[in-house]
Amino acid sequence: MSDFIRHRRLRNDARMRAFVRETELSARDFIYPLFVIEGKGICDEIASMPGVCRYSLDLLGPVLDEVEALQVGAVILFGIPKEKDSVGSGAYAEDGIVQQAARFIKETHPNLLVIGDVCLCEYTDHGHCGVVRDGEIVNDETLELLAKTAVSQVRAGVDVIAPSDMMDGRVLAIRRALDEAGFINVPILSYAAKYASGFYGPFRDAAGSTPQFGDRRSYQMDPANGDEAMREVESDLAEGADMIIVKPALSYGDILWRVKQKAACPVVAYNVSGEYSLVKAAASQGWIDERRLVLEILLSLKRSGADRIITYHALDAAKWLAEGEGR
Ligand code: PBG
């Protein structure tokens, strides 16, 4: 006789817990960000992101081997050019750093899925994601440069184009340019819902892309808004996006959930630099159990609606999963 429900029956031992588990993480879910830099012999750890380095191409091989051995789903490339200018020429240069990296990866690791982040901010001397005129970030002039960047990345071997600039109309501009260049089968993974967030601080150290004046609030989204994310997703899909990114991840579980309910396409959460650094900082003090927290965070993103996760924890998490942690 029972007059209450014994929920604990299904949690009583590890086999039962495994049997009823709703969400599972796998290394394939992860996308590992790689910072590639011009030069030789560089493996330069980013001060605010312990364990994450900027690599010159001659030292990239072992990391790619690891990504492959751990069966991590994909890598996403960010470039740090030798020189920056007002129009971000390094982003679409034939021998730009991302283009060189893509060629290198295709030669040495042809089976790896390579995503190219498309944006100008790492390549502009003012640090903004678009062309600047009279102190304003001008939308329409920027589109052509983004489209050129996308085409040159694909020519170099990038498999998936991920525009992160947040200019309006860039998905359409990129789709048209790719199609005209004959790349009709190259998908676009759009950063559709990208918020103007304090969580990008460490990334900007890594890429040297902090805006030299003002901020990104005229193009990235206001963290106060959820409906707006739905409109961004809707228009990007209408323009031809094949997959959607929500970014940042941890404070945006509601957005992930709403996007996944509405958009019938793969949804990717970007577990950004500041979210990584918080965990690493607490772990270095011995205040938290890093493995446990990382796996819990990644699991929660999947539960919130993410099909895939861009994360700096990818290699560690893949190792822990292979060891059978977090069961
Ligand atoms: C480029 C870009 C940024 C990030 C990804 N692509 C920086 C920004 O928008 O300032 C941030 C990633 C991270 O914080 O991990 N626009």
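Which cavity is the space taken by the ligand? In this predicted model, that space is the largest cavity.

Let me describe the cavity. The count comes to 1 cavity of 30 Å³ or more. The volume of the largest cavity is about 120 Å³. Its lining is made up of 17 residues, and those nearest its centre are C121, S164, K194, F203 and K247. Two elements that each supply at least two residues of this lining are the strand β9 (189–194) and the helix α7 (201–207). Sorted by class, the lining of the largest cavity holds 8 nonpolar, 3 polar and 6 charged residues.

I come now to the ligand. How many residues surround the ligand? There are 19 of them, and the closest are K194, R204, K247, S273 and Y312. This shell divides into 10 nonpolar, 3 polar and 6 charged residues.

For Y312, a polar side-chain atom is placed 2.6 Å from an oxygen atom of the ligand. For R216, the distance from a polar side-chain atom to a ligand oxygen atom is 3.0 Å. K247 faces a nitrogen atom of the ligand instead, with an N or O atom of its side chain 3.4 Å away. As for exposure, the ligand taken alone exposes 400 Å², and the protein buries 100% of that area.

Let me turn to the second largest pocket. Its volume is about 230 Å³. Of the 16 residues in its lining, I137, M166, M167, S218 and Y219 are the closest to the centre. Which elements each supply at least two residues of this lining? They are the strand β7 (136–138) and the helix α8 (227–239). The lining of the second largest pocket divides into 6 nonpolar, 5 polar and 5 charged residues.

Technical notes:
Residues are numbered from 1 along each chain as its sequence is written. This is a predicted model: local features need pLDDT of at least 70, side-chain atom pairs count only at pLDDT 80 or more; totals for chains, interfaces and linings use all residues. Side-chain values use heavy atoms; hydrogens and water are left out. On a 1 Å grid over the protein atoms alone, a cavity is a set of points where a 1.4 Å probe fits but cannot get out, and a pocket is an open set with protein on both sides within 12 Å along at least five of seven lines; lining residues have an atom within 4 Å of a point. Grid points are joined across faces, edges and corners, and a volume is the space filled by probe spheres set on the points. Helices (H or I, at least four residues) and strands (E, at least two) are DSSP runs, numbered from the N terminus. Ala, Val, Leu, Ile, Met, Phe, Trp, Tyr, Cys and Pro count as nonpolar, Asp, Glu, Lys and Arg as charged, and the others, Gly among them, as polar. A residue is near a molecule or strand if one of its heavy atoms lies within 4 Å of it. A polar contact is a pair of N or O atoms within 3.5 Å; within protein, one must be able to donate a hydrogen and the other to accept it, and residues adjacent in sequence count only if both atoms are side-chain atoms. Accessible areas come from the Shrake-Rupley method with a 1.4 Å probe; for residues, only the protein chains shown count as cover. A molecule sits in a cavity or pocket if more than half of its atoms lie within 2 Å of its grid points.
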